[in-house]
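Hello,

Please find the structure below. My notes on what was found in it follow.

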Amino acid sequence: MSMLTEHQQRAYIGGQAAEARVNLELETDGMTLNIGPQHPATHGTLRIITRLDGEQVISAEPVMGYMHRGYEKLTEVRTYPQINTLINRIDWLSSFANEVPFILAAERLMEIEAPPRAQWIRTIFFELSRIANITLFLGEMGVQLGAITAVFYAFRDREHVLNQIEAATGGRFHPNYDRIGGLKEDLPKGWVAETKSVMAKVRDFCDEMETLVGTNEIFETRTRGIGVIPVEVALGYGLSGANIRASGLDWDLRRDSDTPLAWKEVDWKVWTHPDGDSFARYWVRLQETREATLIVDQLLDGLPAGPIMAKVPRIIKVPPGEAWVATENPLGEMGYYLVSKGDLGPFRVKIRTPSFNNISIVPWVLKGVYVPDVITILASLYFILGDIDR
Amino acid sequence: MSSAEPGAGDDPARRPSLPAEEVTDPTLRAEVDNPADANVPTGAEAAPGGGTSAADAPPLPAAGAPAELSSEQTPPQGQQRGAAGPDQGLADVAGGDAGSPESSGHTGTDPPVPAAPANPPPVQGGATVPEQPPATPRAVAAEGALARQAKAEQADQAAEAAAGAGLGEEPDPGLDQPRRDLVERLGTALDGGVLDVHIVPGVDVWVRVGIDHWHRAFEVCRHHLGLTYFDFLSAIDWLPSPFGRSEDTGTDEDAGADDRAAGPGGPGELEHGVTGGSTRFQLLARLVSPTSHLGLTLKADVDDVELRAPTVSDLYPGADWHERETWEMYGIDFVGHPNLVHLYLPGAFEGHPLRKDFPLLAREVKPWPGLVDVEAMPGEAEAASS
């Protein structure tokens, strides 16, 4: 054994001292880690202030409002057709699905029902919105865990769906296609066949995601058992959609609530997963995307002929009353509590968005997790900031 | 519950230790290739109670789904909820989950109404009397507090079972018996707290309770009526907008919709919606049963002078943020709320934006350019307004 030089000895002692200091620091006080509001992992401008003890999160507090646009106030000064444009922007990845519950609420108060063909087409676009939204999630979840490839596939195949939405509605992101009493326009020629081929592509995409991400060993290691939400807790926080189905609750408003849309006309399945962890949430969404393509296929096959617009007055005035309509949007239960006093615009609209409740569980679910899992859990809960802040 | 059991939280256990059980891919592969079989739940991925298709199954009855989140199927968790101190969280929410052995065991060991100590005094006035569903003997009231609570638990479960059985039947759309039952049981439990009820058969039900019974109403819904899903909580300001036409749509005259301003009361008179009301601000909340899928909209008038209400975030943790939003948007104080701070608005913001007398400045400065959209075409005004 060779003698240490004086220099080496000093370096050794210095190193030991530094380590001791670090240990001391870790033991004595924790650290505050600010995530966001512009962190790329946060889907917008969500900010989370976490208090850490070493690698563990002691407390996490989301800070919101960076994108609050005051939609509930704005709806009070707009007419019903104008609001339709506005609420497209709530969950901007599935805009058409935002329109549907509001239109249904207005239709319920007006006692109008759209003709069957309109309901079927609404359902088709609702599911197309779901696919456009969730495909992005399926890829993006990979990105957040460090696997970049998946998201390129997601953007590629979402494009096909957006093209179909654009072809019929004129808007890729904000179709503004739903109308009180029906739809803006009928489907263009050749759209049905084209959409069917797109659905096949989306199914291929789902298979790809399953191979690339869903069965990836690293992915499973980072998601299995991470962020487990028992169903009772999920209910208390009002979690909905795939998040609660991933906790084992068999509840889907498409099947379990009484809407005039056409889900009851076709054969499909509600997917659940018993684990309640991040993997389960990913897995359920993956299955739901594939299921949505099957729903669209069946609806396209059975699309009834007929008008797409019921007889409505040219100036929409909704009779006085209150109505609550919620639908199973891509992110979960989205509902509008509509109060009308018989005017051209509503008196009050309470917008119940899924992400708001889904993210309100964050302080609970992040308690005690490790820092890398924060991103996993946030990604798997899947939120859109516009859907939280409204 | 299931999450607390896999205790092995050391580092190796964070990895999925189920190589042999990874049937995920074969199952899925089979389903993809063979969609006809897709409805048969198989392997580790088959959820209990899952896998019903819309066409061949009616909405499931209770099914005990929550309790069957079995720990065998849950991989070991690195996260260790138990270590993170979530027991409190679990206890808070586990109470109302009847109908399954595991969860009823849970409720047995927990304080039956964990929320009680946090309640503000006014609400607790009638709260010690447990709910008396028709099947329960009245004698319960005479017993000591502990025994009473235990009995309430039993009654609770019995009532749950009864409700579960009742809900399996086909509801009569004309009568809407399930919703009627719900309201009746709530009314019995609140003992005069229900002020008004509005049922649209087959669609929805509204119940207006006194503000003193607000917390108790949630407690009953949560623990006795099975409405464990918290949907939303908000408020309505019934004051007609004092900004009148400037903030309203400007072409109302053309459309003949100016009746509110021209009416006998004129602007300033409160007009309440369904279930009526007596004050300017009204709380609004919705709870849903995850098993019967019945929802209930609760309302309560908030006193004009003392703008406050008891918090329900101790019963439904999801109410926390909703109450924060309602507080900042309407200025309604929620007594007992753990963290009543701004949710959306910056800390120094003054005023309550969703109140009707809070001006929408953008509209004050410049009229809404989109107004042209609602102008009637020549000659169509009469036809449209009729």
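A:Tyr282 touches A:Phe137, A:Leu138, A:Met141, A:Met209, A:Val213, A:Gly214 and A:Phe219, leaving out residues up to four places away in sequence; a contact means heavy atoms within 4.5 Å. The model is predicted, so to speak of local features pLDDT must be at least 70, side-chain atom pairs count only at pLDDT 80 or more, and totals for chains, interfaces and linings use all residues. Residues are numbered from 1 along each chain as its sequence is written, chains are lettered from A and ligands numbered from 1 in the order in which they are written, and side-chain values use heavy atoms, without hydrogens and water.

A:Tyr282 is also, with A:Phe125 and A:Leu128, among the residues with the most contacts inside the largest nonpolar core, which has 92 residues. Such a core is a set of buried Ala, Val, Leu, Ile, Met, Phe, Trp, Tyr and Cys residues joined through side-chain atoms within 4.5 Å; buried means under 20% relative accessible area (1.4 Å probe, protein chains only). Helix 5 of chain A, residues 116-144, gives the most to this core, with 14 residues. A second, separate core has 89 residues, including A:Ile35, A:Leu378, B:Val207 and B:Leu283.

Helices here are DSSP runs of H or I with at least four residues, numbered from the N terminus. In helix 5 of chain A, 26 of the 29 residues are buried. Just after this helix, A:Gly146 takes a positive phi of about 100°.

In chain B, buried residues make up 48% of the 386 residues.

Regards

Terms used. Buried < 20%, exposed > 50% of the residue type's maximum accessible area, 1.4 Å probe, protein only. Helix = DSSP H or I, 4+ residues; strand = E, 2+ residues; numbered from the N terminus.
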